[in-house]
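Here is a short briefing for a reader meeting this structure for the first time. Please look over the sequence and the model, then read the points by topic.

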Amino acid sequence: MKKYIKGIDGLKAIAIIAITFYHFFPDTFKGGFNGVCLFFVITGFLLSQQDFHSFSIREFYKKRIKRIYPGLLLVVFLTLSVYFCIDSFLLDGMRQEVLSVLLGYNNWWQIFQDADYFTRILNSSCFTHLWYLSIELQFYLIWPLLVVVFNKITKKNKNYPIILCIILAMCSCLAMALCLPQGITRVYYGFDTRVFAILLGCAIGLFYKNYKIKGKDSKKIFGLCLLVSILIFIFVDGNNTMLYRGGMLLITLLFVVMLVMTIYPSFGIGRILEWKPLKYIGTISYEIYLWQYPVLFICNYLHFDYPIVQVFIVFVLAIALHVLLNVKKKVVANGILAVSLCVGSFGLVQAKDKKEDIESLKQEMEENTKKMEQDNQDKVSTSNLVFVGDSILLGCYDEIKEMYPDCVIDAVVSRHMGEEKTALQTIEANGQLKDTVIVCMGTNGVIYDFLAEELMSYLGDRTVYWVNNYCPTLSWQDSNNAYLNELAQKYSNLKIIDWYTVASSHPEYLSSDGIHPNEEGSKAYASLIQKEIEGK
């Protein structure tokens, strides 16, 4: 039986708190996702504490399965059951994802799914966060092989396993830098590019087994490391490419230092991290992690946009799950699992596959982009109307052009707030920015007030129509629409076109993603704009 090491649960608590804040307060805790690196380091350390000479593959996998799958199955199938009861449409396209989660290759599934914007937005999911679990499961597959190698090379030199782990970790870091041109998704989710944190944890664990350190009381140093970690959790943006060119390695090394100071009693940190509330959060950190996206997505779908309450719900569910899984008689847990397996599986079986819709939507956008580029190149607009927006506008290109043949339309897939101004400046340089501008922005992210104010200032006295958002599975829908209403009160030349009310009342207008208008919806979208502009 492994010796209990004080402070490990406290470190887990720090990691899960950072991740939780990132998921529920992403604008404030931009770098909270780095808590995953700390989890990986701890995983590697704990794995290396086993007795390699008496290592049993059967016992190893038995313990891993017992630790991981009961909670995972309960959360996954309970979530599927709730989705099925709320709206069976939510299960469309989820079969392959659920399979990837249960079989431990979800990280690679997400890499391939993120080949383009359409696949990403149509597959935003309550199980997206489980890529982390897949990386750990994949490491468990190679761990027995590493143990065999460790046993052999230890006979020559007890430091060789440590050196091997460090070499493999550096290879993983190099892979992260080399694979970056393939996209951030590739390096963020890839096993080969993220395994270095687990390997560094293993190296520390092997060092800990062989060497003892007599350090001095280092509370101030640990406090400084913790402060730096908090700053990282707040300010480090995941879209910064420097993070994947060595930045994440430096952050992981910081966590390694914190781990070393925790596991060696002479530093005096382990007993501080044994503070009961912190220790308990660390104890249930796995259950907390499992529940985060399911709660977040269901609350967002129901327009229950109260992050503090959502976090509270996650903690309550995590405690309940932990209790259910750790009582001697698991009658209740088994009963809930049996019912949710039946309901969730039935829902998955009858769910539709979104792949065809994704491909058709992608093809439509590509065709409309070609038409738009040709029209903007060949024709001089005599219309006062200029449209600027994202893929929602692009999908309605034909219908709007039919109503206003001479209008100017500039629409781009995955356009975020702030990017529309550059398009309007280009239109103005061509002498085509005239009296009326229709803005169709906000589907792809938060409409920040300073960007909206900047846009309105740039457009000056022109008449501006802004089409509000309908994207019920995305967290910013309600806040965007509420802000647009406030903005219209401030600017007398701004009028809001209420697409939200129309779309929410007519689900038949939408593609299977529940966001983009289908053919009938595109006609309704264009007609709504015409009605507002012409006052019909």
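His-129 sits in the loop between α6 (117–122) and α7 (131–154); helices (H or I, at least four residues) and strands (E, at least two) are DSSP runs, numbered from the N terminus. The model is predicted, so local features need pLDDT of at least 70 and side-chain atom pairs count only at pLDDT 80 or more, while totals for chains, interfaces and linings use all residues. Residues are numbered from 1 along each chain as its sequence is written, and side-chain values use heavy atoms, with hydrogens and water left out.

**His-129 and its surroundings**

- His-129 has a relative accessible area of 2%, so this residue is buried. Buried means under 20% relative accessible area, exposed over 50%, and partly exposed in between (1.4 Å probe, protein chains only).
- Leaving out residues up to four places away in sequence, His-129 touches His-23, Tyr-289, Leu-290, Gln-292, Tyr-293 and Pro-294. Contact means heavy atoms within 4.5 Å.

- Helix α1 covers residues 8–24. At 1.5 Å a residue, its 17 residues should span 24 Å, and the end C-alpha atoms are 25 Å apart, which agrees. The expected span is 1.5 Å times one less than the number of residues.
- In α1, 14 of the 17 residues are buried, so the rest of the structure largely encloses this helix.
- α1 and α15 pack at an angle of about 5°, and their axes are 10 Å apart. Axes are lines fitted to C-alpha atoms, for helices over the stretch in contact, and angles run from 0 to 180 degrees between N-to-C directions.
- The two helices α1 and α15 are therefore roughly parallel. Angles under 35 degrees count as roughly parallel, over 145 as roughly antiparallel, 65 to 115 as roughly perpendicular and the rest as oblique.
- From α1, the contact is made by Lys-12, Ile-16, Ile-19, Thr-20, His-23 and Phe-24. From α15, Ser-285, Ile-288, Tyr-289, Gln-292, Tyr-293 and Leu-296 take part.
- By class, the contact of α1 with α15 has 7 nonpolar, 4 polar and 1 charged residues. Ala, Val, Leu, Ile, Met, Phe, Trp, Tyr, Cys and Pro count as nonpolar, Asp, Glu, Lys and Arg as charged, and the others, Gly among them, as polar.

**Helix α3 against α15**

- Helix α3 (residues 57–86) packs with helix α15 (residues 285–301) at an angle of about 10°, with axes 10 Å apart. That makes α3 roughly parallel to α15.
- Among the residues making this contact are Leu-72, Val-75 and Leu-78 of α3 and Leu-290, Trp-291 and Phe-297 of α15.
- The contact of α3 with α15 has 14 nonpolar, 2 polar and 2 charged residues by class.

**The sheet**

- Five strands form an open sheet in the order β2-β1-β3-β4-β5, with parallel pairing. Two strands pair if DSSP finds at least two bridges between them.
- β2 (408–411) and β5 (494–497) stand at the edges with a single partner strand each, so one side of each has no neighbour in the sheet.
- On average, neighbouring strands are turned by 15° against each other, direction ignored.
- Strand β1 (residues 385–389) pairs with β2 in the parallel sense over 4 bridges. Val-386 has Val-408 in β2 as its bridge partner.
- Helix α23 (residues 477–490) packs on the sheet and touches β4 (463–467) and β5. Its direction makes about 150° with that of β5.
- Helix α25 (residues 519–534) also packs on the sheet, touching β1, β3 (436–440), β4 and β5. The direction of α25 makes about 150° with that of β4.
- β3 and β4 run parallel and are joined by 4 bridges. Val-437 stands opposite Val-464 in β4.
- In β4, 4 of the 5 residues are buried.
- In β2, Val-408 and Asp-410 point one way, Ile-409 and Ala-411 the other, and all are buried.

**Two loop residues**

- Ser-414 lies in the loop between β2 and α21 (420–429). Its phi is near 65°, a positive value in a residue other than glycine. At 18% relative accessibility, Ser-414 counts as buried.
- His-506 is in the loop between α24 (499–505) and α25. At 28% relative accessibility, His-506 counts as partly exposed.
- The C-alpha atoms of His-506 and Gly-521 are separated by 8.5 Å, with the residues 15 apart along the chain.
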